[in-house]
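Please open the model in a viewer and keep the sequence panel at hand.

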Amino acid sequence: MNEKNKYKSEFKKALDKFTDKLEEYVSTENGDWTVKGFIDVYKNIYTISSDTKIVSKILEIHIFPQILQFAEENGYKIILTEHQNYYPDLTFISKSNEDVKFAVDLKTTYRKKNGIASFTLGSHGSYFKERDKKKNIQFPYNQYLGHYCLGVVYTRTDLKEDVSETEIYRVKELQEEYETPAKKVGEREVTTVQNLKSITSVIKDFDFFVAEKWKIASDKQGSGNTANIGSTLSIEDLRNENGIFSQLSEEWFDEYWINHGSATMVKDGKTIKITNLKDFLEFKGRTDLWDKIVTRTHKATSEK
């Protein structure tokens with residue numbers, strides 16, 4: 001094992017151990033999120049909506065102290081991204097060797113009947129193609145020894161996303177005996193409950209995973225017209241790092257996404273842009289690698 005792979009193996013092993021503890025940290029004994037809302041100075045509890053942007057941001061804030069502790073215990077310092085649209089969310093730099101850098105993106109998504117809601121794994125644009133440049137990235141892409149996704153999958157308790165549906169509560173266990181609870185805040189009714197656990201959490205049943213980005217990537221873009229890499233939509237494949245490129249290599253992942261949508265080939269007499277892995281391997285003269293493309297159908301067959 002070369003030195004780079006040694007650092008990567010140790011970092012991944014530590015992250016795996018870390019994520020095993022996170023579910024217990026964010027959950028009550030019955031699997032509900034321990035966050036019930038936010039509180040004002042009058043001890044009113046305002047519930048949050050299940051809007052994914054709100055939930056993901058609060059989840060990030062919730063687990064961030066644990067991430068800082070993890071970095072300290074494993075000899076890393078953390079640099080946060082300087083701008084909101086920069087990659088990655090977190091840069092881990094070894095205190096003993098500053099050349100050892102890892103990119104970690106925090107990703108949250110929720111379960112659906114047929115898998116999970118899609119999420120993206122970063123851009124395949126400027127910084128991904130020009131790997132020695134610093135455009136929209138904390139350090140040049142090629143300075144990172146590995147690129148990881150620390151993911152959270154959860155179930156939404158209430159699918160209503162209208163922020164106006166949030167509730168206001170007064171909690172008896174937070175009140176002093178002499179306090180008289182307000183019955184309204186502005187025009188909104190306040191509900192009194194016995195304790196914080198009486199308030200329904202907006203999300204529950206957490207699944208944490210950590211995976212190398214290339215191992216869980218799909219060959220499709222993750223969102224509309226933006227140059228973002230999509231991920232596999234299977235929770236099992238996320239846990240097991242079993243994406244479409246996982247039996248190939250990171251080099252094939254890199255080359256495919258650097259050329260996605262710009263490389264062209266002639267197929268059935270027509271010139272087409274290459275936007276799937278099978279066509280790309282054919283374009284590269286490597287149809288012998290088709291059987292290494294991981295698909296959901298292929299995986300299901302191999303598990304019988």
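The stops that follow pass through the nonpolar cores, the aromatic residues, a sheet and the charged pairs of this predicted model.

**Stop 1: the nonpolar cores**

Begin by selecting F209, F245, F253 and L277, which have the most contacts inside the largest nonpolar core, a set of 37 residues. Several elements each supply at least two residues of this core, among them β8 (146-156), β13 (203-212), α6 (250-259) and α7 (277-283). Which helix gives the most to this core? It is α6, with four residues.

Next, centre the view on F245 and display its surroundings. Beyond its neighbours within four places in sequence, F245 is in contact with W214, A217, S218, D219, W252, F253, Y256, W257 and L277. Then select V35, F102, F206 and V210, which are included in a second, separate core of 36 residues.

**Stop 2: aromatic rings**

The whole structure holds 26 aromatic pairs. Select F102 and Y148: the ring centres are 5.9 Å apart and the planes stand at 65°, so this pair is edge-to-face. F102 belongs to strand β5 (residues 101-112) and Y148 to strand β8, so the pair ties together parts that are 46 residues apart in sequence. Both F102 and Y148 are buried.

Move on to Y256 and W257, whose ring centres lie 5.2 Å apart with planes at 85°; this pair is therefore also edge-to-face. Are these two residues buried or exposed? Y256 counts as buried at 1% relative accessibility, and W257 is buried at 0%.

The charged end of R131 sits over the ring of F128, 4.4 Å from its centre. For another such arrangement, go to K6, which lies over the face of Y7 at 5.7 Å from the ring centre.

**Stop 3: an open sheet**

Switch to a cartoon display and find the open sheet of four strands, ordered β1-β2-β9-β12 with mixed pairing. The edges are formed by β1 (38-39) and β12 (191-193); each has a single partner strand, so one side of each is left without a neighbour in the sheet. Two bridges join β1 to the antiparallel strand β2 (residues 44-46), and F38 has Y46 as its bridge partner in β2.

Now select Y169 in strand β9 (residues 168-171). Y169 is buried, with a relative accessible area of 15%. Residues up to four places away in sequence aside, Y169 touches K43, N44, I45, T47, V190, T191, V193 and I199. The C-alpha atoms of Y169 and V193 are separated by 6.9 Å, although these residues are 24 residues apart along the chain.

**Stop 4: charged pairs**

The structure contains 21 salt bridges. Select D279 and K267, whose closest N and O atoms are 2.6 Å apart. D279 lies in helix α7 and K267 in strand β16 (residues 264-267), so this bridge ties together parts that are 12 residues apart in sequence. D279 is buried, with a relative accessible area of 6%, whereas K267 is partly exposed at 31%.

Then select D219, a contact of F245. D219 forms a salt bridge with K220, with 3.3 Å between the closest N and O atoms. D219 is buried at 8% relative accessible area, while K220 is partly exposed at 45%.

Finish by selecting K8, K12, D16, E212, K215, E241 and E250, which are linked in a network of salt bridges.

Technical notes. Residues numbered from 1 in each chain as written. Predicted model: local features only at pLDDT ≥ 70, side-chain atom pairs only at ≥ 80, totals over all residues. Heavy atoms only, no water. Core = buried A, V, L, I, M, F, W, Y, C linked by side-chain atoms within 4.5 Å. Buried < 20%, exposed > 50% of the residue type's maximum accessible area, 1.4 Å probe, protein only. Contact = heavy atoms within 4.5 Å. Pairing = 2+ DSSP bridges. Phe/Tyr/Trp six-rings, centres within 6.5 Å; stacked < 30°, edge-to-face > 60°. Lys NZ or Arg CZ within 6 Å of the ring centre and 35° of its normal. Salt bridge = Lys/Arg side-chain N within 4 Å of Asp/Glu carboxyl O.
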